[in-house]
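Hi everyone, thanks for making time.

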Amino acid sequence: MSDIRPHEIMVPTSDPDDARLHFIGRIHTPWDDRKDCPRQGKQDGPECRIEVFEPWVPALKGIEDYDQIEVLYWLDRSRRDLVVQNPGHSDKTFGTFALRSPVRPNPIGTIGAKLIRVDGANLIVRGLDCLNGTPLIDLKPDRCAFTPKAAPK
Ligand code: SAM
């Protein structure tokens, strides 16, 4: 990857073979192309399907109790070597850690999504902003709604 915008800074990086993550599912959205994909999801966005793979399906037990969930995903089609970026919507440059750009050393995306329903191994949600086929890293109940399940008595 060598095409960068004026004033952006690229650094040499090791081959990205060190994540050692388990992708636990796949996210199905209407967007195959970045130009169609929202920059941040909206709660009234289209219904999308989060497919959870075995053996992780039993890990969904209880998630139906939450209206809001956090979704963590791997922005698999991102470059990973920019330390300074010139976002398409701006004529200024910013450090990568001052942006929510998908371009980052470890391209993890997070979003709060509205849980519509659980259908077996699939969660139907609104509010996503990722490309069709994006790998799923993790799911958590929304931090505000969550009550620790093993709180001391
Ligand atoms: N909500 C997440 C966050 O803040 O961590 C992601 C925000 S990022 C600005 C969303 C953009 O990333 C989308 O508009 C699209 O251009 C890009 N994107 C979405 N899915 C991607 C993927 N699988 N690989 C690379 N880029 C992706």
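Let's start at the ligand: 19 residues surround it, and the closest are P38, Q40, D76, R100 and D129. A residue is near a molecule here if one of its heavy atoms lies within 4 Å of it.

Before going further, a word on where this comes from. This is a predicted model, where local features need pLDDT of at least 70 and side-chain atom pairs count only at pLDDT 80 or more, while totals for chains, interfaces and linings use all residues. Residues are numbered from 1 along each chain as its sequence is written, and side-chain values use heavy atoms, with hydrogens and water left out.

What is the make-up of that shell around the ligand? It divides into eight nonpolar, five polar and six charged residues. For the sorting, Ala, Val, Leu, Ile, Met, Phe, Trp, Tyr, Cys and Pro count as nonpolar, Asp, Glu, Lys and Arg as charged, and the others, Gly among them, as polar.

Now the backbone. A backbone N or O atom of R77 lies 2.9 Å from a nitrogen atom of the ligand, and a polar backbone atom of T110 is 3.0 Å from a ligand nitrogen. At C37, a backbone N or O atom lies 3.4 Å from an oxygen atom of the ligand. On its own the ligand has 600 Å² of accessible area, and the protein covers 96% of that (Shrake-Rupley method, 1.4 Å probe).

Which strand gives the largest share of the shell? That is β7, residues 108-119, with three residues. Strands are DSSP runs of E, at least two residues long, and helices are runs of H or I, at least four, numbered from the N terminus. The chain has nine strands and zero helices.

Let's turn to the space itself. The ligand takes up the largest pocket, which holds about 1,000 Å³. Of the 35 residues lining this pocket, the closest to its centre are R34, R39, S101, P102 and V103. A pocket, on a 1 Å grid over the protein atoms alone, is an open set of points where a 1.4 Å probe fits, with protein on both sides within 12 Å along at least five of seven lines, and lining residues have an atom within 4 Å of a point.

The lining divides into 13 nonpolar, 10 polar and 12 charged residues. Strand β7 turns up again, giving the largest share of the lining with three residues.

Notes
Polar contact = N/O pair within 3.5 Å; in protein donor to acceptor, adjacent residues only side chain to side chain. Sits in = over half its atoms within 2 Å of the grid points. Points joined across faces, edges and corners; volume = space filled by probe spheres on them.
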